[in-house]
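Work through the exercises below with the sequence and the 3D structure at hand. Try each task before reading its solution.

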Amino acid sequence: MMTWKTRLHQETVQFLRRKEFSNLFIDLNLNEVDGFISEEMAIKDLQEIGVKGLNSGRFYEAFFMSMVINWQLFKSRSEIQSHADLLSPYEPVCKLLSRGGAIFVSEGHFIIDSFDAYLSSKSPILLPSLEDEFLNYIDEHCSDFPNQLKINGLWDGFNKSQILL
């Protein structure tokens, strides 16, 4: 997300825990084009096909689901294609949600699976891989929300374990 924000604004961007900040369609001027799926519409449509437990407000799962849906709908637009060298900004949250994760905001902090995850744009946490095998390795070897140093150590351990296989 921060890579996209920095590219679109051509400057350092302060990380904000607001839905508007995580809606890249606002930055790309695509949030009001025909066919854009709002969070409320995504909740309604997903509930109609049997998805339960979707909320709005402080809960971000439905919001990010709507962002993922819109990304798939509009990824061929020139506004997005002109940045095709960047990875999808919503893939990490897709992985989190598909693995049963949860995201909400409380007292100005993101809470990710009950872990307080205060993030700063000066020191973002970068995962070297979103492959399921590495994410499983993190889950097996870490009982709290890891910092960058811990992530780097887990990546080294994961790579060594793959060599031994």
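A residue counts as buried when its relative accessible area is under 20%, and as exposed when that area is over 50%. The model used here is predicted.

**Exercise 1. The whole chain**

Task: State how many helices and strands the protein has, and give their order along the sequence.

Solution. Step 1: the protein contains nine helices and three strands. Step 2: reading along the sequence gives α-α-α-α-α-α-α-β-β-β-α-α. Step 3: of the 165 residues in the protein, 34% are buried. Step 4: the protein exposes about 10200 Å², and carbon and sulfur atoms supply 53% of that area. Step 5: among contacts with a separation of 6 or more, 57% are between residues 24 or more positions apart.

**Exercise 2. H4 against H5**

Task: Find how H4 is oriented to H5, and list the residues that meet.

Solution. Step 1: helix H4 covers residues 39-48 and helix H5 covers residues 61-74. Step 2: the two helices pack at an angle of about 95°, with their axes 8 Å apart. Step 3: angles of 65 to 115 degrees count as roughly perpendicular, so H4 is roughly perpendicular to H5. Step 4: from H4, Glu39, Ala42, Ile43 and Leu46 meet Ala62, Phe63, Met65 and Ser66 in H5. Step 5: sorted by class, this contact has six nonpolar residues, one polar and one charged.

**Exercise 3. H5 against H7**

Task: Which word describes how H5 and H7 are set to each other?

Solution. Step 1: the axes of H5 and helix H7 (residues 91-98) come within 10 Å and cross at roughly 130°. Step 2: H5 and H7 are therefore oblique to each other. Step 3: the crossing of H5 past H7 is left-handed. Step 4: H5 contributes Glu61, Phe64, Met65 and Val68 to the contact, and H7 contributes Val93, Cys94 and Leu97. Step 5: by class, the contact has six nonpolar, no polar and one charged residues.

**Exercise 4. H8 against H9**

Task: Describe the crossing of H8 and H9 and sort the contact residues by class.

Solution. Step 1: helix H8 (residues 132-141) and helix H9 (residues 148-164) have axes that come within 10 Å and cross at roughly 115°. Step 2: H8 is therefore roughly perpendicular to H9. Step 3: their crossing is right-handed. Step 4: H8 supplies Glu133, Phe134, Tyr137, Ile138 and His141, while the residues from H9 include Leu154, Trp155 and Phe158. Step 5: the contact of H8 with H9 divides into seven nonpolar, three polar and two charged residues.

Conventions. Residues numbered from 1 in each chain as written. Predicted model: local features only at pLDDT ≥ 70, side-chain atom pairs only at ≥ 80, totals over all residues. Heavy atoms only, no water. Axes fitted to C-alpha atoms, helices over the stretch in contact; angles between N-to-C directions. Helix = DSSP H or I, 4+ residues; strand = E, 2+ residues; numbered from the N terminus. Parallel < 35°, antiparallel > 145°, perpendicular 65-115°, else oblique. Contact = heavy atoms within 4.5 Å. Nonpolar A, V, L, I, M, F, W, Y, C, P; charged D, E, K, R; others polar. Buried < 20%, exposed > 50% of the residue type's maximum accessible area, 1.4 Å probe, protein only. Areas by Shrake-Rupley, 256 points an atom, 1.4 Å probe, with all protein chains shown as cover. Left-handed = near helix turned anticlockwise from the far one by under 90°.
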